[in-house]
Amino acid sequence: MGNPMKIRASVKDGVTEVKVLMQHEMETGLRKEADGTLVPAWFITEVKVQHQGRTVLEAQFGQSISKNPYLLFHFKGGAAGEKVAVTWVDNKGDTRTDEATIAA
Amino acid sequence: MNAKHIIGMVMTVSLATASASVLAGSHDSKLEAKATAIIKRDFRDKGIAKADRVNQDALQAACSKYEDDVPDKLKAKLEAAQAKEIKWPADGKYMGDWKAGEKLAQSGRGMTWSDKPEDPAGGNCYNCHQLSAKEISYGTIGPSLRNYGNKKGMKEEVQRSVYGHIYNAKAYNACANMPRFGHMGILSEAQMKDLVALLLDPESPVNAK
Amino acid sequence: MNTDKLASMLLVLAFAASGAVQAEEKAVSDSEKIEQYREMISDGNPADFDEMRGEELWKKPGGPKQASLEKCDLGKGAGVVKGAYAELPRYFKDTRMVQDLESRLLTCMTTLQGIPEEEITAKPFASDKKPSDISSLASYVVGQSKGIKMAVSTKHPKEKEAYQIGKLIFNYRAGPYDFACSTCHGTSGSRIRMQDLPNLNTKEDAQTAYTSWPAYRVSQGLTRSFQWRLNDCFRQQRFPEPKFASEATVALTMFLAVNANGAEYAGPGLKR
């Protein structure tokens with residue numbers, strides 16, 4: 001189920017800027033507890049962003065990305081009031097989708 | 001750090017202490033006693049850091065009271081008392097192995113409540129001093145010791161002075177920032193000798209051309 | 001560090017006494033890089049999540065009394081959160097104490113919600129495993145003072161005394177290393193390793209430092225409260241542990257907060 005993301009999107013001159021802050025532990029699977037036991041891998045593997053049903057970004061994430069990842073990108077098109085939806089999937093099969101409305 | 005910078009810093013320091021002592025006025029011993037009582041009540045044991053660490057010795061108390069700017073007479077007295085406590089190496093040798101010294105200088109560990117009792121304490125040297133040119137991550141709280149041996153040579157009196165400074169910097173400057181590594185039992189005699197070598201040995205990276 | 005730069009630095013070090021100047025420039029560019037990074041993610045500060053969590057905790061009934069904290073008086077009247085942090089620590093009549101934010105939250109959680117004090121103070125800081133309610137609440141409250149000028153009062157005799165005691169604690173040398181807060185934070189322009197140290201005796205540095213805490217620590221992946229900041233300073237000072245929200249920590253906070261007066265509060269911040 002995961003924790004909510006923070007998404008902000010705004011359009012200027014026909015280009016939409018999207019800022020996404022995700023909440024995720026992003027455990028590499030290489031880190032050890034103080035007692036030597038391995039902390040199991042747990043990280044986002046895929047991120048997909050859709051605008052009005054059209055996929056505008058697909059990304060593969062991995063262990064090298066920090067805890068609570070921040071993603072900023074632009075895509076052509078988009079208008080104020082339209083929706084942008086961000087979905088991530090992690091290696092445990094958990095997934096989360098959040099939506100934001102594009103601001104002018 | 002260039003000379004101008006040093007002068008600038010020295011001026012700031014003296015101005016700051018001047019204004020501080022104006023603010024403090026005559027020392028309010030009632031308030032000081034209250035602050036000390038609060039400190040003694042509000043700190044507790046954690047790991048190896050026991051509550052009694054907040055109990056000050058005479059030197060710590062004097063430096064705190066005067067915000068590190070103790071009157072000359074008292075300063076001389078404190079320094080003499082510290083100097084008397086230095087335990088010089090029984091074998092009369094001051095130089096150890098600079099390689100072991102460099103390792104010690106790099107380590108900033110030791111004596112915190114998150115350190116285990118069996119963890120060896122480091123020298124913390126690079127936290128405050130520039131030493132080897134190869135190490136660019138160095139602090140500036142203390143003076144740069146780069147080329148220290150090249151500048152000072154290796155005469156026995158120099159070796160002895162360096163050993164003494166590491167053992168107890170307060171014997172030379174009562175309210176110096178530097179910990180008293182020998183006096184407080186932070187480093188062993190052999191470790192302090194390794195640090196003397198790090199500073200003075202011509203082969204040490206501190207003295208590399 | 002790129003090798004060309006390293007090579008040129010070594011050359012300068014070898015041939016000129018001004019070597020350290022070059023090294024200093026390098027240090028500046030590193031802090032600049034950190035500053036750049038900070039700016040890049042300044043509108044994506046994960047501390048936001050802790051603020052959100054804190055807001056929920058503030059509004060939701062909790063504790064044995066199933067009460068929310070919306071009647072908590074942080075100094076500007078019951079339930080007023082906006083701007084409250086910019087005036088803390090302050091003297092509170094009901095407890096007859098000077099309290100910082102976390103000490104005041106502790107009062108509200110025990111009196112309004114009926115949560116036993118020991119339950120809160122046993123683990124007052126967030127960890128990898130578990131967030132801390134009082135710490136998240138603090139994140140929420142400080143966020144409501146963003147952009148507001150620090151105006152901490154020393155008018156009440158107890159406030160004035162707290163400031164003076166805080167100053168004495170700031171200069172109190174003890175422990176195996178003889179360190180006081182002022183050993184590292186009493187001169188300008190110095191650093192430990194590559195970490196710049198604010199001189200907390202000066203207005204400018206105290207303002208920048210104080211108004212950027214609490215903060216999300218990227219290296220720890222956690223939002224850290226001001227009490228945590230003091231706690232970890234004392235750890236590195238080789239002191240024993242200060243009791244959470246104790247008079248000593250509140251007095252020290254008072255000293256630092258008053259030194260920061262006049263600056264716009266900018267937290268929760270973002271640190272390496």
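These legends describe close-up views of a predicted model.

**View 1. Chain A is built from strands.**
Chain A has 0 helices and 7 strands. Its order along the sequence is β-β-β-β-β-β-β. The C-alpha trace of chain A spans about 55 × 20 × 20 Å along its principal axes.

**View 2. Chain C meets chain A.**
Here 15 residues of chain C are in contact with 13 residues of chain A. About 1,100 Å² is buried between the two chains. Carbon and sulfur atoms give 50% of that area. On the chain C side, C:Asp43, C:Phe49 and C:Asp128 supply 48% of the area buried against chain A, more than any other three residues.

**View 3. A salt bridge links C:Asp128 and A:Arg31.**
The closest N and O atoms of C:Asp128 and A:Arg31 are 3.4 Å apart. The interface of chain C and chain A holds 3 salt bridges. It also holds 5 residue pairs in polar contact, both residues at pLDDT 80 or more. Helix H3 of chain C, residues 47-59, makes the largest share of the side that touches chain A, with 3 residues. That side of chain C divides into 7 nonpolar, 4 polar and 4 charged residues.

**View 4. Helices H3 and H6 of chain C cross.**
H6(C) covers residues 133-143. The axes of H3(C) and H6(C) come within 7 Å and cross at roughly 100 degrees. The two helices are therefore roughly perpendicular to each other. Among the residues that meet are C:Arg53, C:Leu57 and C:Trp58 in H3(C), and C:Leu137, C:Tyr140 and C:Val141 in H6(C). The residues of this contact divide into 5 nonpolar, 5 polar and 6 charged.

**View 5. Chain C meets chain B.**
This contact takes 50 residues from chain C and 61 residues from chain B. The buried area is about 5,200 Å², with 58% from carbon and sulfur atoms. In chain C, C:Tyr172, C:Arg173 and C:Arg193 lose the most area to chain B. Together they account for 17% of what that side buries.

**View 6. C:Glu241 and B:Lys46 form a salt bridge.**
Their closest N and O atoms are 3.2 Å apart. Between chain C and chain B the count is 9 salt bridges. There are also 31 residue pairs in polar contact across this interface, both residues at pLDDT 80 or more. Several elements of chain C each supply at least two residues to the side that touches chain B, including helix H2 (19-40), helix H7 (157-170) and strand E7 (241-242). H7(C) gives the most, with 6 residues.

Conventions: Residues are numbered from 1 along each chain as its sequence is written. Chains are lettered from A and ligands numbered from 1 in the order in which they are written. This is a predicted model: local features need pLDDT of at least 70, side-chain atom pairs count only at pLDDT 80 or more; totals for chains, interfaces and linings use all residues. Side-chain values use heavy atoms; hydrogens and water are left out. Contact means heavy atoms within 4.5 Å. Buried area is the accessible area (1.4 Å probe) that two parts lose on being put together, summed over both. A salt bridge is a side-chain nitrogen of Lys or Arg within 4 Å of a carboxyl oxygen of Asp or Glu. A polar contact is a pair of N or O atoms within 3.5 Å; within protein, one must be able to donate a hydrogen and the other to accept it, and residues adjacent in sequence count only if both atoms are side-chain atoms. Helices (H or I, at least four residues) and strands (E, at least two) are DSSP runs, numbered from the N terminus. Ala, Val, Leu, Ile, Met, Phe, Trp, Tyr, Cys and Pro count as nonpolar, Asp, Glu, Lys and Arg as charged, and the others, Gly among them, as polar. Axes are lines fitted to C-alpha atoms, for helices over the stretch in contact, and angles run from 0 to 180 degrees between N-to-C directions. Angles under 35 degrees count as roughly parallel, over 145 as roughly antiparallel, 65 to 115 as roughly perpendicular and the rest as oblique.
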